[in-house]
Each structure stands twice: as structure tokens, then as C-alpha cells.
Amino acid sequence: MSTRSCIVAWLRVLLPLSALALLSVLFLLGRNPDPDASIPYADVDPRELAERQAVTSPTYAGVTDDGAQLSITAAEARPDGGQGEGQAQTVHMTLRARDGRAADVSAGSAALEGEQVLLGDGVRMTTADGWVVTAPQFLASTIAGTVVSDREVNVLAPFGELTAGQMELRPSGRGSGDHVLDLSGGVRLIYRP
């Protein structure tokens, strides 16, 4: 028997035995659990949790009239009154045009009224071109594929900063599947080359 074969034969025996010994030591010397330690519980009233109607992590996906893909996710959604109405918290909406370019909108809350979604509480829209639009609220249409704000918006563009009285992200209308970001109502630009 050669020296190499002898070493391999010994290692076949010693390595599994040493691994078994190491695992045995880990289990024998492990910490003892503290029976007096408190178990972490959530501070939620179980009765209120059982009576509340809510859905956690809801997702909506659809296609607008011009072929853009629309997806809306939230941390929690609750029904609110009539048919097709509801409230959602921590909302993220993505509008992806047919050419693949997307606009991402995040909001603290949303109210669903039929095919309209009113986004509020810190609304921010980021486009694929690098534009960042913030406003008090946006009104999005799940059918038409538009995002509108009739209040003052602040825009951070690749070439500077803009403020405008109104904003609308809408399909271009030529059947191309593109969207146009239209700023109006006293647009002011601070150009930063």
C-alpha cells in the first residue's frame, strides 16, 4: 500500500469522526434556554383585529386602453362604503408603456373610487427618463392610463428644477403607446447645465 493510499484511508476515518465530535461539543455546550424570558408578542387587540376588514399586501394588475401595463401594490387595503371603493396604505403604482418605459408612483395612502385612484400623503413619481415629480396628490385612471395633478407640482428634471400649477401624464394619442408629461399653469424653470 502506497503512502498516499494510507493517508487517504486514515482521513476517511478521521474526518467524519472529528466532524461528529465537533457537532457533539456544539450541542452539549450550547446555551440553556431561559424559561423566564418573555416571548415577543405584538401589541394588537385580537378582538379589533378579528373585526377589522382588511387585506394585507394586495396587488392589482391590468392593461389600460392604450395598452400600457398598470400595477398597484399596497401594504394594506380596506373596503370603504360602496361597491368599488376602498382605502389603501403605503401604495406603489407602476405604469409601463408599450415601449417598456415606466413611471413609478409611490404614496402614503390611496382612495379607490371606481376606476379612479386618488393618491395622497407624500406622492412622488419617477419616470424612466430621470424626472422626479412631487405633489400633494395625484389622480390616476386605471382605464385611461393617466396620472393628473391639479395642484402645484415640483419637478426635478435632468436639466434643472421646475414648478407648475398642474401636471398630466397621458398617452400621446397617436397609437404609439408612448406617454407625454404635460406641465401647465405657470411653469417656472431653474436651468442647471
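Which residues make the nonpolar surface patch of about 500 Å²? I looked this up first in the model, which is a predicted one. The patch is formed by L22, L23, L26 and F27.

**Entry: the patch and F27**

I took F27 as one member of this patch and placed it in helix α1, which spans residues 3–28. I noted its relative accessibility as 71%, so F27 counts as exposed, the cut-off being over 50%.

**Entry: the largest pocket**

I next turned to the largest pocket and recorded a space of about 380 Å³. Its lining comprises 22 residues, and I listed Y60, I72, A77, A88 and L112 as those nearest the centre. I then asked which strands supply the lining. At least two residues each come from β2 (59–63), β3 (69–79), β4 and β5 (102–113). The most is given by β3, which contributes six residues.

**Entry: A88**

I found A88 in strand β4, residues 85–96. Is A88 buried or exposed? With a relative accessibility of 13%, A88 counts as buried, since the limit is under 20%. Leaving aside residues up to four places away in sequence, I listed the contacts of A88 as A74, E76, A77, G108, S109 and A110. For S109 I also noted the spacing: 21 residues separate it from A88 in sequence, while their C-alpha atoms are 5.5 Å apart.

**Entry: salt bridges**

How many salt bridges does the structure hold? I recorded five, and looked up several of them individually.

I found the side chains of R101 and D129 meeting at 2.8 Å, N to O. R101 is in the loop between β4 and β5, and D129 in the loop between β6 (116–127) and β7 (132–141), so this pair ties together parts 28 residues apart in sequence. I noted R101 as partly exposed at 42% relative accessibility, and D129 as partly exposed at 44%.

I found a further salt bridge between E161 and R192, at 3.4 Å, N to O. E161 belongs to strand β10 (residues 160–164) and R192 to the segment after β13 (188–191), so the pair ties together parts 31 residues apart in sequence.

I then recorded the salt bridge of D182 with R170, whose closest N and O atoms are 3.1 Å apart. This pair links distant parts of the chain, with D182 in strand β12 (residues 179–184) and R170 in strand β11 (residues 166–171), twelve residues apart.

Note on methods: Residues are numbered from 1 along each chain as its sequence is written. This is a predicted model: local features need pLDDT of at least 70, side-chain atom pairs count only at pLDDT 80 or more; totals for chains, interfaces and linings use all residues. Side-chain values use heavy atoms; hydrogens and water are left out. Helices (H or I, at least four residues) and strands (E, at least two) are DSSP runs, numbered from the N terminus. Buried means under 20% relative accessible area, exposed over 50%, partly exposed in between (1.4 Å probe, protein chains only). Contact means heavy atoms within 4.5 Å. Patches are made of residues with over 30% relative accessible area and no salt bridge: like charges are joined within 9 Å, nonpolar side chains (Val, Leu, Ile, Met, Phe, Trp, Tyr) within 5 Å. Accessible areas come from the Shrake-Rupley method with a 1.4 Å probe; for residues, only the protein chains shown count as cover. A salt bridge is a side-chain nitrogen of Lys or Arg within 4 Å of a carboxyl oxygen of Asp or Glu. On a 1 Å grid over the protein atoms alone, a cavity is a set of points where a 1.4 Å probe fits but cannot get out, and a pocket is an open set with protein on both sides within 12 Å along at least five of seven lines; lining residues have an atom within 4 Å of a point. Grid points are joined across faces, edges and corners, and a volume is the space filled by probe spheres set on the points.
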